[in-house]
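Subject: Structure for you to look at

Hi,

Here is the structure I said I would pass on. Have a look first, then read my notes below.

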Amino acid sequence: MVVPVPTTFEGAREMEVVEVREYREDRDRAAVEEVERECEVGSSGGGEAKMCLFTDLLGDPLCRIRNSPAYLMLVAETANGGGGGYGREIIGLIRGCVKTVVSGGSVQAGKDPIYSKVAYILGLRVSPRYRRKGVGKKLVGRMEEWFRQSGAEYSYMATEQDNEASVRLFTGRCGYSKFRTPSVLVHPVFGHALQPSRNAAIRKLEPREAELLYRWHFAAVEFFPADIDAVLSKELSLGTFLAVPAGTRWESVEAFMDAPPASWAVMSVWNCMDAFRLEVRGAPRLMRAAAVATRLVDRAAPWLKIPSIPNLFAPFGLYFLYGVGGAGPASPRLVRALCRHAHNMARKGGCGVVATEVSACEPVRAGVPHWARLGAEDLWCIKRLADGYNHGPLGDWTKAPPGRSIFVDPREF
């Protein structure tokens, strides 16, 4: 049970009391959706036009955390303290989840991975009318209490690097430190299918095979989830695909790991489309017209392979590519073949874009096709919740240098 955390705001005529409590789906959904609509923000497209990215949660405010092993959503609610009779109003919300992941930058040969229990904050929203009044800080603090009760050693969050208000709140007021800077890479889904690579053979792995391969390859990668088997078995996970040079013989995943080819790549696909939809609003008419023109040409003459722009100005879905990795000099090329395969899957599924998130130093990043204008540079901030790190194999993870790769959990994208 969440204990209400009261705070007060001085108004012109009265004092309002704000309580933080657990989200109740049976009575809070409509109010939470209203706060979400009020708080949607995006980047300016320049000039007079301002484009914003809106998220439709399809009637399920818990959709972005529901598949996590442990999760909680809190709301901030006003209770009129001045006798004005206006009743209660939800003015803020926050989501969080807890899981066990690989921490630290490396694992010595023959050593077991170093795991830590971590918490993730996402979806912090405060109604514009109540900002700069401490509501966001109260929500974060109450969520951190639950994290500690759940045994989390660290808490982290992600935001766009240019979101100054969010960065200022977490690093300036909540005690977080800037930690990692991965990139969100986005590619539109064209009206025509992409030609499969002739130099790559793509095999779909069974969940057991994918788990073995991932635990073998990602054992030292930050944020790799200990319950990867649960991730791979979720209905939203559409499969894991392995790319090897054409003509490579396949016997079993065990044989592959014992003697991998000189180059290979792997990737899994997560269906975000059935969890939420996105929509770009505020685009200039000229941009909309140009996008329509590319789609018309692509539909009329698909053999021209025009890079058509999907209709991003109405609700659209996306497939998220996770577990992107590989080895060998040709691994970026093989990743590109996997991305083409995922693009064609998304086209058949009716998606508007495919997206992934990789670290700044990811070795196979060069093979991920993307449009720079559609992506974003993220900032992950972290905070240590537990004490007692003066000794041990990891020490303080918040001070560890970044590794070359990072694992982005699709359950939290």
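A word on terms before the rest: a residue counts as buried when its relative accessible area is under 20%, as exposed when that is over 50%, and as partly exposed in between. By that cut-off Arg-411 is buried, since its relative accessibility is 3%.

Keep in mind that this is a predicted model. The chain has a mean pLDDT of 88, and 88% of its residues reach 70 or more. One is residues 9–14, for which the model has 14 contacts beyond four places in sequence. The other is residues 42–49, with 11 such contacts. Where pLDDT is low, the predicted coordinates should not be read in detail.

Now back to Arg-411 and its partner. Arg-411 forms a salt bridge with Asp-227, and the closest N and O atoms are 2.8 Å apart. Asp-227 sits in the loop between helix H4 (207–217) and helix H5 (228–233), while Arg-411 is in the segment after strand E16 (376–384), so the pair ties together parts that are 184 residues apart in sequence. Asp-227 is buried too, at a relative accessible area of 18%.

Glu-34 and Arg-37 meet in one at 2.8 Å, N to O. Both lie in helix H1 (residues 25–39), 3 residues apart, or about one turn of the helix. Glu-34 is partly exposed, with a relative accessible area of 37%. Glu-36 pairs with Arg-125 at 3.1 Å, N to O. That pair links distant parts of the chain, with Glu-36 in helix H1 and Arg-125 in strand E6 (residues 115–126), 89 residues apart. Glu-36 is buried, at 7% relative accessible area.

There is also a network: salt bridges that share partners join Glu-19, Arg-21, Arg-27, Asp-28, Glu-77 and Arg-88. Arg-21 is in strand E2 (residues 15–22) and is buried, with a relative accessible area of 11%. Its side chain makes polar contacts with the side chains of Asp-28 at 2.8 Å and Glu-77 at 3.2 Å.

On to the nonpolar cores. The largest has 67 residues, and those with the most contacts inside it include Leu-213, Leu-242, Phe-276 and Trp-397. Strand E5 (residues 88–102) gives the largest share of this core, 5 residues. Domain 1 (18–183) and domain 2 (185–377 + 403–412) both contribute residues, so the core lies between them. A second, separate core of 28 residues includes Val-18, Val-98, Val-126 and Leu-379. As for Leu-242, its contacts beyond four places in sequence include Ile-202, Leu-213, Trp-250, Phe-256 and Leu-338.

Two more residues to look at. His-341 lies in helix H8 (residues 331–349) and is partly exposed, at 30% relative accessibility. Leaving aside neighbours within four places in sequence, His-341 is in contact with Ile-202 and Phe-241. Gly-59 is in the loop between strand E3 (52–56) and strand E4 (70–80), and counts as partly exposed at 23% relative accessibility. With the neighbours within four places set aside, Gly-59 is in contact with Arg-29 and Glu-33. Gly-59 and Glu-33 are 26 residues apart in sequence and 8.0 Å apart in space, C-alpha to C-alpha.

Cheers

Key:
Residues numbered from 1 in each chain as written. Predicted model: local features only at pLDDT ≥ 70, side-chain atom pairs only at ≥ 80, totals over all residues. Heavy atoms only, no water. Helix = DSSP H or I, 4+ residues; strand = E, 2+ residues; numbered from the N terminus. Buried < 20%, exposed > 50% of the residue type's maximum accessible area, 1.4 Å probe, protein only. Contact = heavy atoms within 4.5 Å. Polar contact = N/O pair within 3.5 Å; in protein donor to acceptor, adjacent residues only side chain to side chain. Core = buried A, V, L, I, M, F, W, Y, C linked by side-chain atoms within 4.5 Å. Domains from an automatic or database assignment. pLDDT = per-residue confidence, 0-100. Salt bridge = Lys/Arg side-chain N within 4 Å of Asp/Glu carboxyl O.
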